[in-house]
Amino acid sequence: MFDFFKTRPDKPVMEGSAEKVQAIFKRHQRSVFWGLVFGYAVFYVVRMSLGVVKKPMLDAEIVTKAELGIMGSAFFFTYAIGKFSNGCLSDYANIGRFMSFSLFLSGLTAVAMGMNSAAFFFVLIWGLNGWFQSVGSAPSCVSLFQWFSPKQRGSRYSLWGGSRNIGEGITWILTASMVSYFGWRAGFIGAGIAAVIASLCMFFILRDRPQTYGLPDSATAFGEEPEIKKANDPKETRRAQLFILKQPAVWLIALACAAMYTSRYAMSSWAVLYLQESKGYSLIDAGFAMSAYPIAGLAGAILSGIISDKIFNSNRHIPTLLYGIANIAGMCLLFFGPQSRMMDAVALSLVGYAIGGLVVFLAGLTACDLMPKNAVGAVKGFIGLFSYMAASAQELISSHLIKVTEVANEAGEMVKVYDFGTAQYFWLGAAVVSLFLALTVWNAKKVTDIEDATSAEPILVK
C-alpha cells in the first residue's frame, strides 16, 4: 500500500483511570460508527443508481438488455476481485483515508456515467466503479472490530448493516424521482455528487486504529479478554490471513453467501423492471414499491444482531435459518402469489427483511466471529470474492433468461415485452441453495488461539 493509506504506528498507551479511557474511547466510537453508517449508505446510493435507470435507458435505446447485463457483470467482476484484495489490504490500512478516497473516486465515475452515451464506455466506467466500490464493506467491518469490544460488536455490526438499506431507500425514492423528472443522466450525476460530498465528510469523521491515538484495544478498554496478542504485527496478520483460507467453514459460508447474493442482487438489479413489465407499475410506483424492500431490510439488519445476541446467546445459525426461510417465502409470494399491490408490498418487505439479516450473518458476522480478529478484512474480502463473482454471473444469466418479444399494443404499435418466467425460478433456486449451505456450518467453533488452531483439525461441522 502507499504510505498515505497505511495505518500509523502505535502511540504509548495513555495513563489515566479506566473511566477516563472509556470516555475517550466512547467519543471516538460514536464518530467511527456514524461515519461508517453514513458513508456506507452513500456507497449504496452510487451502486444502486444503475438499477433505477435501466428502464429509461432501454426506452431511449441508449443500451440494449444484453449491454445492461454486461455492465452489471463488469461491475460485480471487478468488485469481487477488489473485495478480496482490498479486504486483505484493509487489515493494514488507515480506514478513514482508505474508505473516503475510494468513495470520492466512485462518485467521480458516477458523474462520468451520466455524461456518457457510448455502451463501451458504460461498461468500462461502471467496471472501474466496481473496484472503487469494493473499498467499503471490508474496511467498515475492520473498523468496527477495531473500535468495538466483543460484547458491543454484534449490535453495532447489525446497526451498521442497516446502512445499505438506508442507501437503497434513498435510491428507490429520491433517485427514482430525479430520473422521472430529469432523465436517466440525473440518476448517475446526482448520486455521484452526493458521494463526493460524503467522502469529504468521512475523511474527517472516521478514525485509524485505537492504538494510534494512545488507546488500548477495545476489549482491554472495556474490561474484556484481549482477542489477539500482537495487534499491529504484519507477520501475525499475514499468518492469520493464510490461516482463514484453509478453513472449510469459511469456504462453506462463502458459498452460502454467494448463492444468497445471487437472489439478493437479482432483486436489486431487476425487480424495478420486473414490477414495471410483469405487474404494470410505472417507474415512480415501482420505485416507491421497492422502497419497502430496504426499509424492511433495515429492520431485518438491526434486529438480526439483537436477536442473535439477546435471544439466542450470540448463536448466529438459528436466526440464519429463520431469515433464510423468510426469504424463500417472500420470493414465492412475489412470484406466485395473488396479483395485488398489497401482496407485492408484503412480499417485498418479507424478502427485504430476510436479506437484511442474511447479509449481516453470511456476508461477515458469522465467519468473522469464528476467525482471528486481525484477519477480519481478509475474511470479509474472501467471502465478498465468492459473493460478487456470483452476483456478476447472475447479471449475465438473468439477462439471458429474461425473454424479450415484440407485440402490438392497442394502438397497433410494436412494443417490447419482457418475460421473467424462467429467471424467477433461477432467483428462487439460489435462495434455497443458500439456506442449505448455511446449515452445513451449524456446529463450527470459534478460534480462540491460532497457535492451538494451526495444530488442530480445520473447523467444520461435527
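Trainee: At what angle do helix α7 (residues 150-161) and helix α8 (residues 163-182) pack?

Mentor: This is a predicted model, in which local features need pLDDT of at least 70, side-chain atom pairs count only at pLDDT 80 or more, and totals for chains, interfaces and linings use all residues. Residues are numbered from 1 along each chain as its sequence is written, and side-chain values use heavy atoms, without hydrogens and water. With helices taken as DSSP runs (H or I, at least four residues) numbered from the N terminus, and axes fitted to C-alpha atoms over the stretch in contact, with angles from 0 to 180 degrees between N-to-C directions, the axes of α7 and α8 lie 4 Å apart, at an angle of about 15°. Because angles under 35 degrees count as roughly parallel, α7 is, relative to α8, roughly parallel.

Trainee: Which residues make the contact between α7 and α8?

Mentor: Contact means heavy atoms within 4.5 Å. On the α8 side the residues are S163, R164 and N165, and on the α7 side they are L159, W160 and G161.

Trainee: Is N129 buried or exposed?

Mentor: N129 sits in helix α5 (residues 119-133), and, beyond its neighbours within four places in sequence, it contacts V46, F75, S106 and T109. Buried means under 20% relative accessible area and exposed over 50%, with a 1.4 Å probe and protein chains only. Since the relative accessible area of N129 is 0%, this residue is buried.

Trainee: Which helices do the buried residues of α17 pack against?

Mentor: Helix α17 covers residues 421-439, and its buried residues include W427, L428 and L435. The buried residues of α17 pack against α12 (248-279), α14 (317-336), α15 (341-370) and α16 (376-401).

Methods. Helices (H or I, at least four residues) and strands (E, at least two) are DSSP runs, numbered from the N terminus. Angles under 35 degrees count as roughly parallel, over 145 as roughly antiparallel, 65 to 115 as roughly perpendicular and the rest as oblique. The expected span of a helix is 1.5 Å times one less than its number of residues.
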